[in-house]
Every structure is written in structure tokens, then in C-alpha cells.
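Please look over the sequence and the model below.

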Amino acid sequence: MNVARAVGRALARLGPQTVFGVVGSGNSEVTNALVEGGVRFVAARHEGGAATMADAYARAGGGLGVLSVHQGPGLTNALTGIAEAAKSRTPLLVLTGEVAASAVRSNFRIDQGALARAVGAVPERIHSPETALSDLARACRTAVAARRTVVLGLPLDVQAAPYDGPDECVPQAPHATGTAWQPAVPPLAVPPPAALARLADALASAERPVFLAGRGARLSGAGVPLRTLAGRCGALLATSAVARGLFRGDAFDLDVSGGFATPVAAELIRRADLLVGWGCALNDWTLRHGDLVGEGARLVQVDVEAEALGAHRPVDLSLIGDAAETALAADAELARRGHRIRGYRTRAVAGRVAAEGRWRDLPFKDRSDGVRIDPRTLSVALDDLLPAERTVAVDSGNFMGYPTMYLDVPDVDGLVFTQGFQAIGLGLATAVGAALARPDRLTVAALGDGGAMMSAVELDTAARLGLGLLVVVYDDEAYGAEVHHFGPHGHPLDTVTFPPADLAGVARAYGCEALAVRRVEDLEPVRDWLSGPRDRPMVVQAKVTSDHPSWWLAEAFRPR
């Protein structure tokens, strides 16, 4: 047995259920060994798609994401997906071939470690036959325990070397739960008593507190502790986009803060006298470039990572701590003090949230004209049509706010939001990975036509796997964000607008069901598809109106 087979067999025993990738000569043996060990291999059509599938699979609850690619161009093809995963702190292990140290003239020679570092991933390497399984265990431990994306290089000469060592990754291998690794929360941390007392003081004195929960709160499972604490101190609840659904069902859930916020949510957040970010970056997206911070409002930030505190704007109080554990400790401190007030939680506020808290419930002028459908009208119709148990995967672009906010999600796992790198073209692969992680739910991919064109090849992957994906393309025949950003300033738009394309026809060629939609009535075939057997994707090419920017884009581009 050689090192490549030993590494693949050892990784298979450690428990990941699925690996994504594109096989070349540099990663074929390790991939085959994984498959022989019982791991499912999903062959994507492009390494970039494979990387995003593995990222989304991990985010949607599938455990450790694993990607396998060829050295050199296999890795560079995957780099955008790896950058997205790294920026989003996805536990992802990238297995990549690597040129032997002696092959100084190889066409495939690049500095793969430097590439990994450049996009925020952690470079690791299988150094020798003697250290191979220890190197693998270290890479896996970093990916799972530290929630990092790790690029593990497998030099070709080391892969081919004989291996006669132990079969098990003994040195501190991450624990397995069942048959799939579950991403580990960073070591639980509670701020020291003095800092916790200052947080309790701030909560006790606030008249209009608002909690903003982000990715860190989602990862730590802080939904219930934050609800309890908010109830004790009278705080309203909101999330960043990536944590949408964390407080689903709470009468004081304002949904998403920032550019996606409803008018009532923006108003209530702006009126807060205390904003507490729980595992939330408090960046320009979440706070609308600071416009949601009212005059005189105090900012508090809780995060497990010290470098995150105050990174985007000054805060009045920063605490290093796990969101869930800190919320529990703060609630206990307030209970010890006998503190319980209504704060911001009045009957009037609850009534406004119930009446105005969802975008789809707000009146709007329908711009549909029979030739093109208003994206709001389309999204509301889809929300009514689709089952409640769903996963929504959203690509980037002018359209993205409509599916993100008009399509409801059942819980915090219902939205897979690969926007850490803001790359167009990741949405379809995101949906494939999420669908494989959560086959119990309908997965909806929401794409713009630009992203659909970039990633259409992965329709073959979805059709080949028999995935019952609903793929909705918001087609404005342009890169809409650029049109609405540059157009008002007199820039020529011929570089970002395109002639009509038969995306539905392309989808059929890949083996999908497909239809074009210009009116709500055109969605009726989707109802038939939903009734089963849903053994192939359904692609909806919706010709959407494009005369106005989306509300969130107008807000983002508003002069300040």
C-alpha cells in the first residue's frame, strides 16, 4: 500500500460521508481509496463547483466538507470556492495533489501554500510516509475544531512512496459523531466576572435594547439562550443574513438587519439605545454603513475571536466569549439581581412587527407587464407555492434580496448564504451541496442570469444525481448590479447587458425539466413537478422587470 491509499483509507475511517471533486492524476488514488472506504464521491463538472458544493454541504449540516482536486490547475480552478469557504469559516478539508519537490520544471508547479494563505485558508502538507497520518489528523483537527478551511497538499512523490505504518490516525484525531463529523464549536468561553457585570449593567439600564445575532451565534447554537435573555431584558431580536431564521417564530423577531431590513425593522433598530452584537461583525452590511446606529446608542460586541472585536467600527464594550454561553451567564446575572423589565417589548411594537415585519406583506406597485414579471410578484408566488420545509440557496447580484427575504425559511438552517466573498456564480453549486446534506427538504436555488451562465455546467451534476432541485433564474439579461450602479452616471452599458438567451433550453439539454415564466400563471407546471416524483431538477427561467434597482442595492449605493 502506498501513502495515497493509506491517507484515503484513514480519512474514510474518520467518518466524512461525502467528498466532492474532479479527479485527475494527482488525486485519483486518494479519492479511490476514500470511495473504497465507503465515502460517497460526487463528481462535479468543474472544481469551482465542487468546492462550493463541499462548502454548502458542511454549512447545511453534513459535517466536515471534503474536496478532492488535482494539483496546479485543479486547485486554481477551485480557488474562488475555497476563498468563500475560508472567509465564512467553513470546516472544509481540501485534498490536492502537489508537485514533487524535485520536479522543478513541472508545468503544474505553483506555490500552493501561498495560494491557500492568500485567500485565508490554512496550508498543510503530507510531509513523509512516516508522518502521513499525523499530518492528516492535524489538518482535520484544524478544520473541525478551529472551523477553518484547510488545504492539504499531497506531494506526488510522497503519495507514491510505500506505506507500512499504522492504519489509524491516532494523534488527537477529531471526534466523530455517528458516521459524520459535526463541526465543533470553538472552546466555550465566558467573559470574566467584571466584564460580565458590565454587560449586565448595560442590559439592565437600556430602555430599547436590540440584539444582533450573526454567524457566531448561529454556530454556537445561541438561539434559545438569546431568546431567553432578550425576554428578561426586553430586547428586540435581529440577525445578519447568514443567521436568518435563528429567532423564527418569536413575536419580537425583526428578521434581518442591514440592507435587507424591512422599513419597520430599520426604524426600530435605529431607535435602539443599546445594540448588542452576538457573534456578529457589526459591519457595513449589517448596520447600513452605520445608518442603523442611532444617536447616542451604545454598541456592545460579544465574540470568541478577539480580532473580531471592534474590527469594523468602535464599540463601547467588547467581550471575548461564546455567544450562547455568554448569553446564559448574562441571564443568570440579571436573574441574580432580580432584574426583569419589558424594555422594547411593548404590545404596540409586537403589533407592528406582526403587520410589517415581512417584505412579502408590504404593499408594492406590481411592475409586471405580461412580458416581464416583477421579481417581488414572482417571489411571493413561489413562497405561496413551495412547501414550508425548504432550503434556499442564493447567488449574488441585484436580484438576491428577493429570494433571500421574500422566500420564508423554516429555521436557521433554511438559508445557505454563500456571500462571504460576494462572488457571482456560486448559487447553483451551493444548492447541490445543500440538497445532498438535507435530502429531507426541497432545495431552491435562486440565481441571476449572469450567475446561471457562469455555473450552468453543474446542471449536469444535479441532473445526473437525480436531485429534485428547483432552480429559479431571475433573468434581466444583464449584470443588474452594474447596470443600476453605473447607468445613472452615464456609463455605457453594452459591456454588462446581453441579448436574450434560452436558459430553459440549455437546462433541458442537461436533462432538467424547464420552463420560461413571464406571468404568475406560467408557474403552474411547477405545482405539477412538486407533486412528484421530483427525480430531476426543475429550472424556471423568469424574465423579470429590470427598470428599477432592488431596494437593498439602492440603499447600498445611496450617497452618504
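## Arg-441 and Glu-389

In this predicted model, Arg-441 and Glu-389 form a salt bridge, with 3.1 Å between the closest N and O atoms. Arg-441 sits in the loop between helix H18 (427-437) and strand S15 (442-448), while Glu-389 sits in the loop between H16 and strand S13 (390-394), so the bridge ties together parts that are 52 residues apart in sequence.

The two partners can also be described by their accessibility. Arg-441 has a relative accessible area of 7% and is buried. Glu-389, with 42%, is partly exposed.

## A network of charged residues

Some salt bridges share partners, and in this way Arg-358, Arg-360, Asp-361, Asp-383, Asp-384 and Arg-390 are joined into one network. Side chains of opposite charge can pair when their charged atoms come close.

One of the salt bridges is that of Arg-360 with Asp-383, where the closest N and O atoms are 2.9 Å apart. Arg-360 belongs to the loop between H15 and helix H16 (375-385), and Asp-383 belongs to helix H16 itself, so this pair links parts that are 23 residues apart in sequence. Asp-383 counts as buried because its relative accessibility is 9%, and the cut-off for buried is under 20%.

## A pair within one helix

Arg-352 and Glu-356 also meet through their side chains in a salt bridge, at 3.3 Å from N to O. Where do Arg-352 and Glu-356 lie in relation to each other in the helix? Both are in helix H15 (residues 347-356), and because they are four residues apart there, about one helical turn separates them.

Arg-352 is partly exposed, at 27% relative accessibility. Glu-356 is partly exposed as well, at 29%. In total, the structure holds 38 salt bridges.

## The nonpolar cores

The largest nonpolar core has 52 residues, and Leu-67, Ile-82 and Val-471 touch the most other members. The element that gives the most to this core is H18, with eight residues.

Which residues does Leu-67 contact, leaving aside its neighbours within four places in sequence? Its contacts are Val-19, Phe-20, Gly-21, Ala-50, Ala-51, Ala-54, Ala-78, Ile-82, Leu-92, Leu-93, Val-94 and Leu-95. Another core, of 44 residues, lies apart from the largest one, and its members include Trp-359, Tyr-402, Met-405 and Val-526.

Key:
Residues are numbered from 1 along each chain as its sequence is written. This is a predicted model: local features need pLDDT of at least 70, side-chain atom pairs count only at pLDDT 80 or more; totals for chains, interfaces and linings use all residues. Side-chain values use heavy atoms; hydrogens and water are left out. A salt bridge is a side-chain nitrogen of Lys or Arg within 4 Å of a carboxyl oxygen of Asp or Glu. Helices (H or I, at least four residues) and strands (E, at least two) are DSSP runs, numbered from the N terminus. Buried means under 20% relative accessible area, exposed over 50%, partly exposed in between (1.4 Å probe, protein chains only). A nonpolar core is a set of buried Ala, Val, Leu, Ile, Met, Phe, Trp, Tyr and Cys residues joined through side-chain atoms within 4.5 Å. Contact means heavy atoms within 4.5 Å.
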